[in-house]
Amino acid sequence: MGEMEEDRDNVGKLFEDFVQSSTCKGALQAFSVLCRRLDLDPTDNEIFYSSLKAKLTSWKAQALWSKLDKRMLHKEYKKGQVCVGTKCLIIGGGPCGLRTAIELALMGAKVVVIEKRDSFARNNVLHLWPYTIHDLRGLGAKKFYGKFCAGAIDHISIQKLQLVLLKVALIVAVEFHINVEFVKLLEPPEDQENEGIGWRAAIRPADHPVANFEFDVVVGADGRINTLEGFKRKEFRGKLAIAITANFINRNTTAEARVEEISGVAFIFNQKFFLDLKEETGIDLENIVYYRDNTHYFVMTAKKQSLLDKGVVIHDYIDTQMLLSSENVNQEALLCYAREAADFGTNYQLPTLDFAMNHCGQPDVAMFDFTNMYASENAALVRERFGHQLLVALVGDSLLEPFWPMGTGCARGFLAAFDTAWMVKSWAQGRTALEVLAERESIYRLLPQTTTENIGKNFEQYTIDPGTRYPNLNSACVRPHQVRHLYISTELS
Ligand code: FAD
């Protein structure tokens, strides 16, 4: 073998290591080794993708480039130039933070994502709408995860989804930092000495290099507990709803593969099932979903009385926080409850029901209250201090909490990611802050109503342009004068 050929093989192997890496840290490590070997600087976002592409020419790599190249041809990105010079900080490396990061990077922005954890460990499974599957395929999801949505499967574990998105994000030169927690925004300093310094973030650990990153866009993607200030939250108070999620080990046997999945939407209407379940086991549910993925994943909504009857919840408190506090929950009884419901729900066909472990090494069963769901009143605002403007946006669960049993989190989360990218584009193109915010609010009004039925059917045409996705879009229904309160200038106060 010639030296050059050997060299190509080695590089191909490093690329393969990256593609196949199965953990967050593993992917970051393999990526860094690959970049060093190719002598590429991943922080050089304007040329990184094209340089990587030029140096990796194996057929496998090329198959991925052709996917990504196709995406990059979207006219909205203006050949990756439309946001050159825009600097964005994204808080949170969940699916929606990462999806937003990719779009901003495709427009040429410099994007830094900070994630407070150091692993992707969530077994829970997200339902994907057809458009999200199409979108992820377009980003090359199948190249990273061969089993991605094979056949009629329309779900993916949160950790696998994060991993696929992280790999794409790295390739398009997104900077991703683990073990970095956002604390608060830091205003541009007033003193003469520091004149010219823009918006930054206070982070933990405080001495991490990201502390010096100055940005003009910040996106809150840190999940249901949004840490960015200034956003009022609307509460949707429903009747008491207690969700239980449970993950069991999937040994991928033929017997397991034969067991029928339970899609939530269809099952709500099957009253006999719930009556039989109650009669046979004393378990009373409003719905149940079962997906076979990395694990056997179940999510169910349990009625309070049956939790009391089965000894899962010890005392009956009106206050839901007290009701579900760890002192008031019998963990063993909860595991039995979840296992029994899973066994009945799958008609006793799963050969074993051994709990998968969560990131703390405990059986992966959790009980949540989702009686109150929150949505942010607004999707974005602008802060100004000493002439430095900062566009502040929310995406994902921070913006609009999903209804878990229906798994709307990822579908609506990605729509919001695209809408946010569209807003950043307008911002970078120099439209006024009030125009940008008014358009964003107009589009945000549609989000809570979106369903698989009422969004655009031609997924091939989907871009960050909301007109390609929302059929009845009126992007001027909120007028600039109605969003003045979203322009927060410290000088004026
Ligand atoms: P998330 O996925 O919540 O990601 C937010 C990320 O931000 C996390 O990685 C978090 O570590 C990070 N973060 C938080 N605060 C900071 C900070 N200050 N600084 C830096 N990083 C920060 N949906 C379902 O449909 N079914 C389910 O069964 C289900 N189970 C879930 C279980 C858990 C434990 C959680 C947290 C969410 C679950 N969801 C479920 C919701 C679903 O995960 C989200 O809708 C989906 O992942 C998209 O969310 P996101 O990216 O907006 O936020």
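This note sets out points on the domains, the core, the ligand shell and selected backbone features of a predicted model.

1. Domain division. The protein chain separates into two domains: domain 1 covers 87-235 + 374-489, and domain 2 covers 239-370. A distance of 31 Å lies between their C-alpha centres.

2. Contacts between the domains. On one side, 12 residues of domain 1 take part, and they are in contact with 19 residues of domain 2. Strand 4 (residues 155-157) supplies the largest share of the domain 1 side, with 3 residues. By class, that side of domain 1 consists of 6 nonpolar, 5 polar and 1 charged residues.

3. Nonpolar core. The largest nonpolar core has 141 residues, and the members that touch the most others are Ile102, Ala105, Ala169 and Val174. Helix 16 gives the largest share of this core, 13 residues. Because domain 1 (87-235 + 374-489) and domain 2 (239-370) both give residues to the core, it lies between them. In soluble globular proteins, nonpolar side chains tend to be buried together.

4. Surroundings of alanine 169. When neighbours within four places in sequence are left aside, alanine 169 is in contact with Leu98, Ala101, Ile102, Ala105, Val174 and Phe176. Among these partners, Ile102, Ala105 and Val174 are also listed, with Ala169 itself, as the core residues that touch the most other members.

5. Ligand shell. Around the ligand there are 31 residues, of which Gly92, Gly94, Gly223, Gly396 and Gly409 come nearest. Two or more residues of the shell come from each of helix 5 (95-106), strand 2 (110-115), strand 6 (181-186), helix 15 (396-399) and helix 16 (408-428). The class composition of the shell is 12 nonpolar, 12 polar and 7 charged residues.

6. Cis peptide bond. Arginine 204 and proline 205 are joined by a cis peptide bond, with omega about 0°. Proline 205 is located in the loop between strand 7 (200-204) and strand 8 (217-220).

7. Positive phi at asparagine 252. Although asparagine 252 is not a glycine, its phi is positive, at about 55°. Asparagine 252 belongs to the loop between strand 10 (242-249) and helix 9 (254-258). With 9 other C-beta atoms within 10 Å, asparagine 252 is exposed.

8. Positive phi at tyrosine 348. Tyrosine 348, a residue other than glycine, has a positive phi near 60°. The loop between helix 14 (331-345) and strand 13 (365-369) holds tyrosine 348. Tyrosine 348 counts as exposed because it has 11 C-beta neighbours inside 10 Å.

Definitions and conventions: Residues numbered from 1 in each chain as written. Predicted model: local features only at pLDDT ≥ 70, side-chain atom pairs only at ≥ 80, totals over all residues. Near = placed C-beta within 6 Å. Helix = DSSP H or I, 4+ residues; strand = E, 2+ residues; numbered from the N terminus. Nonpolar A, V, L, I, M, F, W, Y, C, P; charged D, E, K, R; others polar. Core = buried A, V, L, I, M, F, W, Y, C linked by C-beta atoms within 7 Å. Buried ≥ 20, exposed ≤ 12 C-beta atoms within 10 Å, placed from the backbone. Domains from an automatic or database assignment. Contact = placed C-beta atoms within 7 Å.
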